[in-house]
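Thanks for coming, everyone. I'll talk through side-chain contacts today. Please look at the model first.

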Amino acid sequence: MPAVERTLFIRAAPEAVFDLIARVEHFPQYSPAIREVRALGRDTYRWVVSVAGFALDWDSVVTEKTRPARFAWRSVRGIENGGLFRLAPADGGTEVRFTMEYRLTNPLLERIIDAIAAPLMERVAGEILEQVRRRTENPDARTAN
């Protein structure tokens, strides 16, 4: 299964970073590739992401929400994926480690998208983390977008 891994230092307390990450339904504000994240129930979300002009969707459930250290999920329908944000206090802020694994189960779609899926997932992960950093380090940015 392909994986995306990113680490980022954010000059904010782990609690503030966690609280922003836990607002999953705000993720479409963080990356143009994320078209929609809609709550379906408690800790269950429908995701719609645009990849090379294709709309991919899945439902995910939050599997761990340990404030302020860990936030994890796994898909329960659609594109197979799972991931984890690990947060740790660091010198004057928080080190955030993001890991996500995914699999495109449609062989035709996988052949078409494979070459761009990994770079796109890397880009989206970077955009999400950068927006979390921007919004926690600059409180005025929280209301932007």
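Take Arg-67: at 49% relative accessibility, Arg-67 counts as partly exposed.

Now the ground rules. This is a predicted model, where local features need pLDDT of at least 70, side-chain atom pairs count only at pLDDT 80 or more, and totals for chains, interfaces and linings use all residues. Residues are numbered from 1 along each chain as its sequence is written, and side-chain values use heavy atoms, with hydrogens and water left out.

Stay with Arg-67. Its side chain meets that of Asp-19 in a salt bridge, 2.7 Å from N to O. A salt bridge here is a side-chain nitrogen of Lys or Arg within 4 Å of a carboxyl oxygen of Asp or Glu. Arg-67 sits in the loop between β4 (54-66) and β5, and Asp-19 in helix α1, so the pair ties together parts that are 48 residues apart in sequence. Helices (H or I, at least four residues) and strands (E, at least two) are DSSP runs, numbered from the N terminus. Asp-19 is partly exposed too, at 26%.

How many salt bridges does this rule give? The count comes to 12.

Another one joins Arg-11 and Glu-137, at 3.7 Å, N to O. Here the partners are 126 residues apart: Arg-11 in the loop between β1 (3-10) and α1, Glu-137 in helix α2 (residues 107-137). Arg-11 is exposed, at 57%. Glu-137 is partly exposed, at 27%.

Next, Asp-57 and Arg-77, at 2.4 Å, N to O. Asp-57 is in strand β4 and Arg-77 in strand β5, 20 residues apart. Shared partners join Arg-46, Asp-57, Asp-59 and Arg-77 into one network of salt bridges.

On to the rings. A search of the whole structure finds 7 aromatic pairs. Rings of Phe, Tyr and Trp (its six-membered ring) pair if their centres lie within 6.5 Å; planes under 30 degrees apart are stacked, over 60 edge-to-face, and the rest tilted.

Phe-18 and Phe-71 are edge-to-face, with centres 6.1 Å apart and 70° between the planes. Phe-18 lies in helix α1 (residues 14-21) and Phe-71 in strand β5 (residues 70-78), so this pair ties together parts 53 residues apart in sequence. Buried or exposed? Both Phe-18 and Phe-71 are buried.

Finally, ring pairs link Phe-27, Tyr-30, Trp-47 and Trp-58 into a cluster.

Notes
Buried means under 20% relative accessible area, exposed over 50%, partly exposed in between (1.4 Å probe, protein chains only).
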